[in-house]
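Here's a quick tour of some side-chain packing. Have a look at the sequence and the model first, then read on.

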Amino acid sequence: MMSSLLSFLQYGNFVDNLRLYVRGGSGGMGLPRLGGQGGKGGDVWVVAQKEMTLKRVKDKYPQKRFIAGVGTNSSVRALRGQKGEDQEVLAPPGITVTNDDGKVLGELNTEGDRVLVARGGQGGSYHSEFLPSKGQTRQIRLDLKLIADLGLVGFPNAGKSSLLTALSHAKPQIASYAFTTLRPEIGKVMYEDHKQISVADLPGLIEGAHMNRGMGHQFLKHVERTRQLLFVVDVCGFQLASKTPFRSAFEAVQLLIKELELYKEDLPCKPAVLVVNKMDLPDAEDKLTELQEQLLNPHEFSHLLPDDMVPKNNMVFRHVVPISAATGFGIAHLKTCIRQSLDKDASMATESLHCDRLQALRGAVPAKNTLTWGPTASV
């Protein structure tokens, strides 16, 4: 019980969702004898700011209450009251804002995006017998939908924490026992052109994670929130404990794919790179050759696993990169492969966006102004 409580407390240092109370400001009183109108109450907005984190929001506002300003009353000097001051909740980009019923109120995708979460009340006027209305009150949730460009996926002791250290300036806990990552660690990979790529070392996955064994759902939830996956396996295989079966590198890959598939069927469709770690160990080259042959024809080796743990579909990795996080072997090449993979997706996304915009523009042009280019058209 104590160990599970410790895991929860350490994991709790990373905040990926937050529930807040928000209330728009009440309107100001109208002035009946002169027909004056009270000021509208302030609104509550959630605004994206790059340097912000949900943990900072939680620490800075422990009460988690955000209330906008009240509109001023109408007076002889100012018949029209001033609007109450708006309240802004600063949050990191990559947030989905929902109410308690799960209805999506909006998304914050880039810095400066704003979502209105609680409207201010109307000021008193002739139509309301000069009585103001209260502001909107609700509970909202901020959910981080993207925590990193890359998520490290692997069984405990595959060397994910060591790899994150080798790739970035992050300093995750590293030890000679299996479970060292109990909460997500985010590192930044820096490139010579100043490009930065974020990498998340996620809590170690175990067999049965899709059924919420270990930290299953916490892990798998975060896998969803990365653009691409970085599978990490020990080239010489893995055994969690003396009572659990030994798994070769190939079996580890297949089991990882299956766990993702059982949690959410389309999760293995994410672009992925396979990192084969611990190439500094004896017989590593022979083990790597064996793994590469098995990955080329996975169906021929499916008998190595129980039928219910064989993935439905093969997963094609964009790159298979042998490395040694301990010695630094292969790290530079891995950084290049990571960059190529992410740039490829960014290029495809940009091309798709351009196509969508072009299609929208074509749809907006009246039919009489369109030209049909056919075989007989001359230029």
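Is Y61 buried, partly exposed or exposed? Y61 comes out as partly exposed, at a relative accessible area of 30%. Keep in mind that this is a predicted model.

Now for the rings. There are four aromatic pairs in the structure, and two of them, Y61 with F66 and F250 with F301, go into this table:

| Pair | Geometry | Centre to centre | Angle between planes |
|---|---|---|---|
| Y61 and F66 | tilted | 4.8 Å | 55 degrees |
| F250 and F301 | edge-to-face | 6.0 Å | 65 degrees |

F250 belongs to helix α5 (residues 249-263), while F301 is in the loop between α6 (284-296) and β14 (319-322), so this pair ties together parts 51 residues apart in sequence. As for burial, F66 is buried at 2% relative accessible area. F250 is buried too, at 1%, whereas F301 is partly exposed at 23%.

Y191 is worth a look if you care about charges over rings. R339 has its charged end over the Y191 ring, 5.0 Å from the centre, and K335 lies over the face of Y191 at 5.6 Å from the ring centre.

Over in helix α3 (residues 160-167), the buried residues are K160, S161, L163, L164 and L167. Looking down the axis of α3, they fall within an arc of 160 degrees, so they line one face of the helix.

Last stop: S125, in the loop between β7 (114-118) and β8 (137-144). S125 is buried, with 14% relative accessible area. Apart from neighbours within four places in sequence, S125 is in contact with Q37, F130 and L131.

Technical notes
Residues are numbered from 1 along each chain as its sequence is written. This is a predicted model: local features need pLDDT of at least 70, side-chain atom pairs count only at pLDDT 80 or more; totals for chains, interfaces and linings use all residues. Side-chain values use heavy atoms; hydrogens and water are left out. Helices (H or I, at least four residues) and strands (E, at least two) are DSSP runs, numbered from the N terminus. Buried means under 20% relative accessible area, exposed over 50%, partly exposed in between (1.4 Å probe, protein chains only). Contact means heavy atoms within 4.5 Å. The arc is that of the directions from the helix axis to the C-beta atoms. Rings of Phe, Tyr and Trp (its six-membered ring) pair if their centres lie within 6.5 Å; planes under 30 degrees apart count as stacked, over 60 as edge-to-face and the rest as tilted. A charge sits over a ring if NZ of Lys or CZ of Arg is within 6 Å of the ring centre and within 35 degrees of the ring normal.
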